Amino acid sequence: MIPATMQAVVLTGHGGLDRLEHRTDVPVPEPGPGEVLLEVSACGMNNTDVWVREGAYGLEEDPVAVSTWRRGRSTLQFPRIQGTDTVGRVVAVGAGVDEARVDERVMVDFSIYNRDDDSLADIDYLGHGRDGGYAEYQVVPADHAHVVRRDIDDAELATFSCAYLTGEHMLDRARVAEGERVLITGASGGVGSGLVQLCRARGAIPYAVTSAGKADAVRAIGAEGVVLRGEGDLVEAVAEATGGAAIDVVADLVAGDLFNDLLRVLRPEGRYTTAGAIGGPVVQLDLRTVYLKHLELHGSSQGTRAAFRRLVGYIESGAVRPLLAGTYRLSQFHDAQRAFMAKGFVGNLVVVPDARWDEVGAHHAA
């Protein structure tokens, strides 16, 4: 029996954590044509939710302006249920969807593709342009609900979608190939730890920039070498870690005061790819480094349908593994987001609807 109302965390505007309200009276959505209704069992966390809440994306003409993702052409409307990394069970289908899909366990491709091809020029995402998975129920397009055949639990499966798709598209943008050396910043976070594994999945050699307390964990997931952030000269430290071998690609999630040194690390005709800037989005750049070394700079956000299908294949084959640092009840969402923002973990955090806690979340509790 599908209830009329549900538990959800609702974003009511830009600002602090007080803008996230836990409610138990939100109407359960109904699937339209080509859609399915999911009973959510777990939903992973990500930096985009935090930046959207804070309005931290700025504008091209004013980088400190309060603005959401898509910068000046937003589809965000309040109130909004955020949450991109949904795992759940199909409990109802809309017109045109096979009833046989009911009871499937699925992972959601969170992207809203506004074109028939894989162009990302007009992309949006679930949790921004329409409601996401920080709730007991969510409606998604049927072709975005992917069955994943691997023996891992729902909370573990919820660590992949946004972080690993973002990482895979970063590597696609920079054309990372077998045997190439990739330097990854923010390597202990959801995207960064995913990048380490995704490099290995395509035969590339990952090197990680992280803090001392997380170095062993990052090595354990596949980093060839580790550079400790903030300890000495970055260029010298990278050369030491690689034994003097050149870095072909930098996959950067930090930026800030590391940015120019990351370009210096690259070999001539090297490639830089970024999908985040947790260390600071406004950077100093010596353009001579770019043009004298013939560097390529690639911006990246989300990913394509093809990249998501590839990710499902990696999960099913075991080429990538979940890195679940802990779970929180949905009613504890403020605590969960504080812990997420503190970055004291490796991998990702996941929230679980209270009604599913004993089944899905309790044995992974943070």
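In this predicted model, the side chains of D335 and R338 meet in a salt bridge, with 3.1 Å from N to O. The two residues stand three apart in helix α10 (residues 333-342), so about one helical turn separates them. An α-helix has 3.6 residues a turn, so residues three or four places apart point the same way. D335 is partly exposed, with a relative accessible area of 40%, and R338 is likewise partly exposed, at 45%.

The structure holds 21 salt bridges, and some of them reach across the chain. One is formed by R310 and E168, whose closest N and O atoms are 2.6 Å apart. This pair links distant parts of the chain, since R310 belongs to helix α9 and E168 to helix α3, 142 residues apart. The accessibility of the two partners can be stated separately: R310 is partly exposed, with a relative accessible area of 30%, whereas E168 is buried, at 0%. A further salt bridge joins R267 to D248, with 2.7 Å between the closest N and O atoms. Here too distant parts of the chain are linked, R267 lying in strand β14 (residues 266-274) and D248 in strand β13, 19 residues apart. R267 is partly exposed, with a relative accessible area of 22%; D248, at 11% relative accessibility, counts as buried.

After α4 comes G203, which has a positive phi near 85°.

The backbone also has features of another kind. Most residues other than glycine have a negative phi, and most peptide bonds are trans. D103, which is not a glycine, has a positive phi of about 85°. D103 is situated in the loop between β4 and β5 (105-108), and its 52% relative accessibility makes it exposed. R175 also has a positive phi, near 55°, without being glycine. This residue is found in the loop between α3 and β10, and at 45% relative accessibility R175 counts as partly exposed. The peptide bond from F78 to P79 is cis, with omega near -5°; P79 is part of the loop between α1 (47-54) and β4 (85-93).

Two residues of other helices close the account. T242 is placed in helix α6 (residues 234-242) and is counted as buried because its relative accessibility is 10%. A polar atom of the T242 side chain lies 3.3 Å from the backbone oxygen of A239. Beyond its neighbours within four places in sequence, T242 is in contact with Y207 and I247. Y291, in helix α8 (residues 287-292), counts as exposed, with 52% relative accessibility. Together with L285, L287 and L292, Y291 makes a nonpolar surface patch of about 440 Å².

Note on methods
Residues numbered from 1 in each chain as written. Predicted model: local features only at pLDDT ≥ 70, side-chain atom pairs only at ≥ 80, totals over all residues. Heavy atoms only, no water. Patch = residues over 30% accessible without salt bridge, like charges linked within 9 Å, V, L, I, M, F, W, Y side chains within 5 Å. Areas by Shrake-Rupley, 256 points an atom, 1.4 Å probe, with all protein chains shown as cover. Salt bridge = Lys/Arg side-chain N within 4 Å of Asp/Glu carboxyl O. Helix = DSSP H or I, 4+ residues; strand = E, 2+ residues; numbered from the N terminus. Buried < 20%, exposed > 50% of the residue type's maximum accessible area, 1.4 Å probe, protein only. Polar contact = N/O pair within 3.5 Å; in protein donor to acceptor, adjacent residues only side chain to side chain. Contact = heavy atoms within 4.5 Å.
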